[in-house]
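Here are my notes for a colleague who is opening this model for the opening read-through. Please keep the sequence and the 3D view side by side.

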Amino acid sequence: MNGHTHNTDDRRELQMARSMCWHCQSEMAGEYFCDRCVKVQPVSKDLDYFTCFGLPRRLVIDTQVLEAKFYELSRAFHPDFYQNKSDAEQSISLGNSAMLNTAYRTLRDPIQRAEYLLDLEAGAVKDIRTSPPADLFEEILELQETLDEFRESNRASEQASTLRAKLDADRTNLEERQRDMEARLQQLFSRWDTLQDRGEATEQARTERNHILKDMRDILSNRTYVKNIVNDLVATIS
Amino acid sequence: MARIVGIDLGTTNSLVAYMDNGTPRVISARHERAMVPSVVALTDNGLIVGDPAKEHLTRNPERTVYSVKRFMGKSLADVQGELAYFPYTLTEKGGVIRIQLGEKSYSPPQISAMILKELKLRAEAFLGESITKAVITVPAYFNDSQRQATKDAGMIAGLEVLRIINEPTAASLAYGLQEKTQGTIAVYDLGGGTFDISILKLKNGIFEVLATNGDTHLGGDDFDQLVADLLLKEIRAQHGLDLSTHPDHMQAVRLQAERAKIRLSEELKTTVTLDLPDGQGRFTRELTRDQLEGLCNALVERSLGPCRLALKDSGLNPTDIDEVVLVGGSTRMPLVRQRVQALFGKEPHCELNPDEVVALGAAVQADILSGGTTDMLLLDVTPLSLGIETMGGVMSSLIRRNTTIPASAKEMFTTYVDGQTGVDIHILQGERELAKDNRSLARFRLKVPPLPAGVPRIEVTFLIDANGILNVMAKDMRTGETQSIEVKPSYGLSDQEVERMIEDSFKFAADDVSARKVIEARLDAGALMTTTEKSLADGGHLVAAEEVATIRTALSALASAKEGTDPRAIRGRMADLEQAAKGLTVAMLDDSLKQGLQGKKISDVT
């Protein structure tokens with residue numbers, strides 16, 4: 001563990017805000033490297049992940065393009081290539097690489113990508129659900145009871161194996177639900193993207209947008225809820 | 001830029017490699033193999049390392065340290081279960097294990113530093129230049145404390161450790177360089193003490209690790225121990241002897257067990273022979289490969305669990321793996337190969353020497369860092385989730401396992417009481433729910449200005465660098481000021497302790513140099529004695545009996561000098577022997593010429 005201080009951070013951030021190279025103070029035109037002195041520049045905190053990868057802000061993206069861009073930027077930022085450079089450049093390389101890795105992880109996964117984009121477009125999407133979604137209420141309640149019974153049972157007993165069989169069936173069922181929700185999300189993602197592509201500012205478009213947004217939010221939080229239940233179930237029976 | 005070497009600091013053996021015009025090569029010393037046994041012994045002539053130290057395992061077991069890697073970054077409590085197996089004495093000071101050698105005690109990084117220094121000297125002698133920078137490999141599943149301990153060892157040995165890289169990914173670099181492979185590969189690395197599995201995607205020179213898993217306490221040592229336990233049990237039953245009170249014989253049993261295991265990779269049966277203490281005769285037993293596999297089956301099976309987890313974490317099925325690569329000496333066991341092949345459904349690669357491939361990969365990474373190789377880039381992951389302890393003793397994950405490094409996470413902290421001036425933060429690593437079930441990495445106290453409760457806002461950044469080592473930074477969001485954080489590692493050396501150990505190592509450097517001269521002179525003497533004995537056997541009949549007697553006298557004079565500690569005396573007797581054997585050498589040369597000329601025409605040889 002190393003305690004580190006980075007007292008030059010603030011100065012750099014200030015300069016970035018003015019779009020100036022931290023090193024030669026010239027006005028920045030290049031994307032991540034200064035045109036004049038070719039020094040690497042810290043990626044601005046305000047840059048969203050889509051812009052960082054040169055991708056449109058859409059829910060359905062070309063993952064091949066994403067991967068190619070990730071590899072390209074990794075080659076540009078990775079600390080391996082800054083071993084002989086100044087401390088300031090090494091520190092920027094480290095920060096940029098860490099940011100790039102987070103961005104890639106977020107955009108690579110369709111669900112995380114959706115949560116991130118909807119947060120950008122419309123504020124935080126993830127309602128933390130503490131009670132089961134309405135259409136699953138009965139089922140989940142029963143499942144919780146079975147889980148409790150199983151936890152208290154003697155694992156070698158016949159009762160336990162009956163319960164286990166029931167839990168296995170519940171698991172298959174819930175995983176099926178999860179896949180359903182993901183398929184419905186995919187449809188909503190396409191509809192959202194089409195709407196964004198049209199870019200209409202009409203009342204009708206606004207209503208439709210809010211409608212899709214609400215549906216996506218509901219499914220996303222239900223899906224998280226079901227996923228946690230499944231994880232809990234798997235942890236208990238294995 | 002100064003040359004950077006690649007070092008494989010192994011549980012059983014260590015190696016150093018360098019990049020020779022685009023080809024990685026391991027470095028061997030004169031008369032010796034490239035592998036340096038990771039053994040350190042305290043002798044009457046000081047500390048010795050490698051093959052000569054290995055000889056002391058049975059002669060001097062209480063003062064001979066082996067498998068020190070198992071203790072890196074560990075507390076005594078962590079290794080309680082296996083203390084009985086080690087003949088040397090372990091104690092603890094400030095959360096760090098100490099190994100007693102004579103009057104002094106050493107931390108595991110100090111012992112490892114002695115091995116590193118030996119490798120450094122070899123590299124310097126071979127390359128003819130001073131070596132101060134290195135890439136050192138660690139098991140992929142090593143936690144932060146174990147990585148930091150390895151870095152400390154490098155510093156104590158006078159090496160700037162430019163990068164800590166994971167052994168299986170290092171191996172993939174060596175393979176990738178050779179094969180120019182594309183696709184998904186699984187690297188199964190079973191060494192002397194640790195097991196790793198890494199799943200990588202190779203594309204256009206990028207080596208992206210998708211997932212890694214492992215067991216830092218599973219390796220060849222454990223196989224040896226099972227065989228040794230069987231032998232000890234049988235000796236007790238047949239001879240009524242409990243060898244556990246004879247550390248020297250315990251070591252002999254362990255070494256014989258290891259050798260038998262190695263032989264059984266080639267043969268279907270072998271004989272184990274052991275001399276019993278105090279002239280109580282000899283124990284002999286035949287061991288078959290089937291019996292060995294019966295003993296080791298459960299351990300090999302244990303390695304498959306992490307393989308399945310790594311596959312699951314990378315979202316792949318065994319059939320998605322294009323190539324399987326075997327690394328580490330223990331993968332020579334046919335049982336291991338069968339099991340790996342069965343799991344992945346394809347024949348594994350083992351074209352590169354499994355003992356050397358990690359060091360070769362470290363040399364490739366060293367070349368990348370020095371700017372020599374520019375088309376390859378390794379994107380590795382952190383093997384364990386990193387988090388902090390929250391209310392109720394629960395671990396809150398900040399950076400999930402298998403996240404590509406460098407990785408960072410930010411967390412905002414505030415106060416609960418008016419005027420509170422500090423917040424205690426406990427950093428953890430592991431996959432369990434409760435803080436107490438995970439590895440404690442460090443604790444630190446965040447300084448907070450005395451303000452009403454909830455007003456201070458301190459942003460703490462946890463950053464795992466490309467070495468897989470954690471760095472912590474804190475920033476007061478109200479003032480924009482950054483604060484340096486003094487982190488006390490839970491199971492590691494503080495910066496001051498490392499400083500002192502570096503100073504100590506300089507102090508003892510002079511002793512080390514003279515000890516080294518003795519060792520080198522002995523090795524050279526041994527080599528000369530062997531060749532002279534061979535000459536006597538092959539050509540003794542070519543010279544007069546008196547001459548043979550003179551040579552014999554010189555040989556025994558050298559043998560007794562070799563037992564002593566004066567390198568000049570050894571060199572002197574070597575010169576005497578060479579002088580005495582001159583006639584024999586000439587006679588043998590003449591004889592071989594004569595043999596060669598028979599049946600040839602003069603025109604053929606002029």
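1. A term to start with. Buried means under 20% relative accessible area, exposed means over 50%, and partly exposed lies in between (1.4 Å probe, protein chains only). B:Ile164 counts as buried because its relative accessibility is 1%.

2. Ground rules. This is a predicted model: local features need pLDDT of at least 70, side-chain atom pairs count only at pLDDT 80 or more, and totals for chains, interfaces and linings use all residues, while side-chain values use heavy atoms, leaving out hydrogens and water. Residues are numbered from 1 along each chain as its sequence is written, and chains are lettered from A and ligands numbered from 1 in the order in which they are written.

3. Around B:Ile164. This residue sits in strand 12 (residues 160-166) of chain B; strands (E, at least two residues) and helices (H or I, at least four) are DSSP runs, numbered from the N terminus. Contact means heavy atoms within 4.5 Å. Neighbours within four places in sequence aside, B:Ile164 is in contact with B:Ile136, B:Val138, B:Arg147, B:Thr150, B:Lys151, B:Ala466, B:Asn467 and B:Ile469. B:Val357 is 193 residues away along the chain, and its C-alpha atom lies 16 Å from that of B:Ile164.

4. Domains of chain B. There are four entries here: domain 1 (4-219 + 298-379), domain 2 (220-297), domain 3 (386-492) and domain 4 (509-597). The bounds come from an automatic or database domain assignment. Taken over C-alpha atoms, the centres of domain 1 and domain 4 of chain B are 38 Å apart.

5. Cores. A nonpolar core is a set of buried Ala, Val, Leu, Ile, Met, Phe, Trp, Tyr and Cys residues joined through side-chain atoms within 4.5 Å. The largest has 58 residues, and those touching the most other members are B:Val5, B:Ile7, B:Tyr88, B:Ile99, B:Ile111, B:Leu116 and B:Ile136. Helix 3 (residues 108-127) of chain B gives the most to this core, eight residues. A second, separate core has 57 residues, including A:Val40, A:Cys52, A:Leu185 and A:Ile212.

6. Helix 9 of chain B. Which residues of helix 9 (residues 334-344) are buried? They are B:Pro334, B:Leu335, B:Val336, B:Val340, B:Leu343 and B:Phe344. Their cover includes strand 13 (183-190), strand 14 (195-203), helix 8 (289-313) and strand 18 (323-327) of chain B. Just after the helix, B:Gly345 takes a positive phi of about 65 degrees.

7. Chain A. It has eight helices and one strand. Along the sequence the pattern is β-α-α-α-α-α-α-α-α. Of its 238 residues, 42% are buried.

8. The interface. Here 45 residues of chain B are in contact with 30 residues of chain A. The two chains bury about 3100 Å² between them, 51% of it on carbon and sulfur atoms. Buried area is the accessible area (1.4 Å probe) that two parts lose on being put together, summed over both. Four salt bridges are counted between the chains. A salt bridge is a side-chain nitrogen of Lys or Arg within 4 Å of a carboxyl oxygen of Asp or Glu. B:Lys201 forms one with A:Glu67, the closest N and O atoms being 2.3 Å apart. On the side of chain B that touches chain A, strand 26 (residues 470-476) gives the most, with five residues.

9. A:Gln83. This residue lies in the loop between helix 3 (63-77) and helix 4 (87-108) of chain A. Its relative accessible area is 18%, so A:Gln83 is buried. Neighbours within four places in sequence aside, A:Gln83 is in contact with A:Gln90, B:Leu162, B:Arg163 and B:Leu369.
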